[in-house]
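The sequence and structure are shown first.

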Amino acid sequence: MANLTLDDICVRFGGLQALTDVSFSLTEGEVVGLIGPNGAGKTTVFNVITGVYKASSGKVDYDGSTITGLRPYQVLSMGIARTFQNIRLFQNMTALENCMVAQHSRSKVGVIGAVLRSSAQRREEEVIAEKSQKALDFMGLGDKTDEVASNLPYGHQRRLEIARALASEPQTILLDEPAAGLNPAESVELMEYIGHITDLGINVLMVEHDMKVVMGICSRIVVLDHGVMIAEGLPGEIRKNPTVIEAYLGQ
Amino acid sequence: MKRLLALIAALAVMTMVLTGCGEEKAAEKVLKIGTMSPLTGPYAADGNDIRQGAEIAIEVIKEQGGIEGFDDIQIFPQDTACDPKQAVAAANKLINDEVTGVVGAYCSSSTIPASETLAEENIIMLTPASTSPKVTERGLTNMFRTCGRDDHQAPAAVKFMKDVAGVKSIFIVDDKTTYSQGLAEGVAAAATAAGIEVKEHDHVNQGDKDYSAVLTKVKAANPDLFYISLQNSATGALMMIQAKRMGVDAILMGQDAVYHPKLVEIAKSAAEGAFCTFGAIDKDAEAFKTFVSKYKAKSGNEPGAYSAYAFDSAMAYLLAVKAAGTTDAAKVRAEILKLDFTGASKQVSYQENGDSGSNYTVYQVKDGKFVPYWNSLSGEKY
Amino acid sequence: MEFFIQQLINGITLGAVYALIALGYTMVYGIIQLINFAHGEFFAAGGYMGVILISYLAAQGLHPYACLGISLVLSMGYCALLAMAVEQLAYKPLRQASRLAALLSALGMSIFLQNGLMLTQGVYDKPYPTEITAGGFEWGLISVSYMQIFIVGLTAVLLVALNILVFKTRIGRAMRATSQDKVMAALVGINSNRVIATTFAIGAALAAAAGIMVGLYYGSVNYSMGFVPGIKAFAAAVLGGIGNITGALIGGLIIGMVEIFAAGYISGEYKDVFAFVILIGVLYFRPTGIMGENVDDTRV
């Protein structure tokens, strides 16, 4: 169930080797941290998993089937959702609409049905709105339903990104620096939300610089440096790993 | 090995092509005629009428045994798009094709510059449709005109307005081409001179479909007669449809460019009762009947306004070449000036300046057909 | 006064037609920042398909209004498919290329479609059975034809439908999301190629409706009829703020009105000049067009 496995992933951009033989896996209900110095290739890993970049070699398996080469929207419909380091909400849509968009691949009424306002279409709209509202409630944004995204405070925008990812009913969520720009109190709150998410049986792969957050909630940690995996293990082990320390200090 | 085979094959093909060309050149002497008319753009319909008219003339001559000294007669149709620049380019293209005579163009604004280009190479040009007086007033010896002139058409139209229709006021609209505006100005001047009040002389643009604004003005001005000088029959039809719908009850009158079976086909009842000026055509003449039946058989359409003039223009050139026995421009010109034959449009003969005289008649749309109503030469109703 | 009212009615009718065509430009621009110069040809193709279908259905003995209704729907569908084919063939392969390449491809497509119409349908104008919608009301100098009411009414209905589609449905949300951020839209599960194709289809369907109305209103269609209204509608879209649906409506109405009033009060000779002077004037003070300020708000 919902196991994500990366197998010898390599990515090259022209002459630049961005990732070299990256292999790790993520199992149900797990929170895995992906860390490393700037430019280590963390976001590239996300882009390969979600189909934004194509891997030069290697494969990604999910839920028992290979997903390498799938287009981003197909990856999402497999059950992998994602957030961005720099917030990429649909700024002009309301909070609810942002979540409703994420239901796209879970609904199907087309143009003709929409124009005719068929009863199937109305029912589907209701279901979409209901599920989206639940996602907002879950992330503590229940009273911000009709607020336009760009008008929300920063911390709420961060949470809305996660709510939107949840609204697509994923089994895996990739969070790219969810704590970036949050104050310590907000970071603690965020850790609680991520905890709730794993309670739903959703596994989380997280890129994060805030070591408090990483060490606080990750069950396992993968460390990248210059596109190469230099360590993988429990938080306690990673903290003491000399290679990791060198990589960070060498910066 | 493969490469060698390919090389041999290519050489073989080349040899065949080359010998093929050589044979053709040695054996055939071809009389080449160009046509120039708008084959694309808003006036493509009229342009096709002209091309087809000329094609039928060649067909007829070929059926009569062709022209002695020539093995074949070929036609080179060129598109002018009613654009002066493209007309000159078309003329140059025809010069390269080594044509010796050209039928065209349609718009006076194309005919004038193209004829100057053709004059440099001593190529005869006969226009079936350009009615601007300027066409034959530049002293060009290669220029002939088979249709009438606007400075004859305007007085004929005004004479009809005053003497036959008895109107006291008119409203004039044109669409700003050399032809349509020139004619409209001629009508305005002649009408004022004849004591008819010109309530307004307004303009629309080529390519417009919506005439509601100008028609609201016409309705408010309430003239006795609404004179429509547009570049072609389709726009004329649009004007008439919208005029009727708006409730303009003035007499509608157009000119030679709207004289076309398509006018009635599109405007239907809205064109009923409308008048227009066009050259007198003897529909009982044998030449006209033959032309119409051949035209229908070839194109599947009724001949357009200028098809018969194009036919006669091509005919005049072919007959002159036949008589001269050569394509030498000076000799052909001399023969053209001697011509006097019954064409599909009229009795064709050319004057020293290249004109062939105007014989404008007022037609009226009756039961979906253009019916001769009044002859400007005799001053009598049919 | 009557003169003014009549010209106002004329202007609204013409403006409604421009607005319907402008919507297609604006929607396509909103989603892939392409000025689809072939859009005017969908308008012409719709007009032709309409008259062909109306004549065929009338020959089968159907009621004229039924003929009109069925033809309208089928022509809209036909142009939607045509637009999707054009998009697939001429624009999709250039999605990653420079904008100029796509623009040139659009110009080429326009020439191709126009000449295709000329070769298949001939150079002569094709008459419309105007008698279906003949008649109207008259009060003194003012006359309003049924056709004018029909044009304005249908435009209003289509606009409302489009607004619901864009702002209240799944497809509309996907269109708005794609126009704002293509990558993110894909990452929340939207197949952007399909959304783009749908946008083309909707724009072309609206243009087809405009084509049929123009055919019925003016009495004929012609292979080159797409060019001039295409340019005017494009100007309307830019004037209203390209990418903005409400802007297309406002722009269409303004261009239509300016043309009519310039022709009515000054001279028909200069109406296009006035229309474009207004366009330049507005763009000088508001480079993003009238609705430009909140351009992102409602753009598709």
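In this predicted model, the axes of α2 (residues 39-59) of chain C and α8(C) come within 7 Å and cross at roughly 55 degrees. Axes are lines fitted to C-alpha atoms, for helices over the stretch in contact, and angles run from 0 to 180 degrees between N-to-C directions. That makes α2(C) oblique to α8(C), since angles under 35 degrees count as roughly parallel, over 145 as roughly antiparallel, 65 to 115 as roughly perpendicular and the rest as oblique. Helices (H or I, at least four residues) are DSSP runs, numbered from the N terminus.

Among the residues of α2(C) that meet α8(C) are Phe42(C), Gly46(C) and Gly50(C); two residues are in contact if their C-beta atoms, placed from the backbone, lie within 7 Å. The partners in α8(C) include Gly203(C), Ala207(C) and Gly211(C).

In chain B, α3 (residues 84-96) and α4 (residues 108-120) pack at about 35 degrees, with axes 8 Å apart. Ala87(B) and Ala91(B) of α3(B) and Pro113(B) and Thr117(B) of α4(B) are among the residues making this contact.

The contact of chain C with chain A takes 23 residues from chain C and 27 residues from chain A. On the chain C side, α6(C) supplies the largest share, 7 residues.

The table gives residue classes: Ala, Val, Leu, Ile, Met, Phe, Trp, Tyr, Cys and Pro are nonpolar, Asp, Glu, Lys and Arg charged, and the others, Gly among them, polar.

| Contact | Residues by class |
|---|---|
| α2(C) with α8(C) | 12 nonpolar, 7 polar, no charged |
| α3(B) with α4(B) | 8 nonpolar, 4 polar, no charged |
| Side of chain C touching chain A | 12 nonpolar, 5 polar, 6 charged |

Residues are numbered from 1 along each chain as its sequence is written, and chains are lettered from A and ligands numbered from 1 in the order in which they are written. Local features need pLDDT of at least 70, side-chain atom pairs count only at pLDDT 80 or more, and totals for chains, interfaces and linings use all residues.

Conventions:
Helix = DSSP H or I, 4+ residues; strand = E, 2+ residues; numbered from the N terminus.
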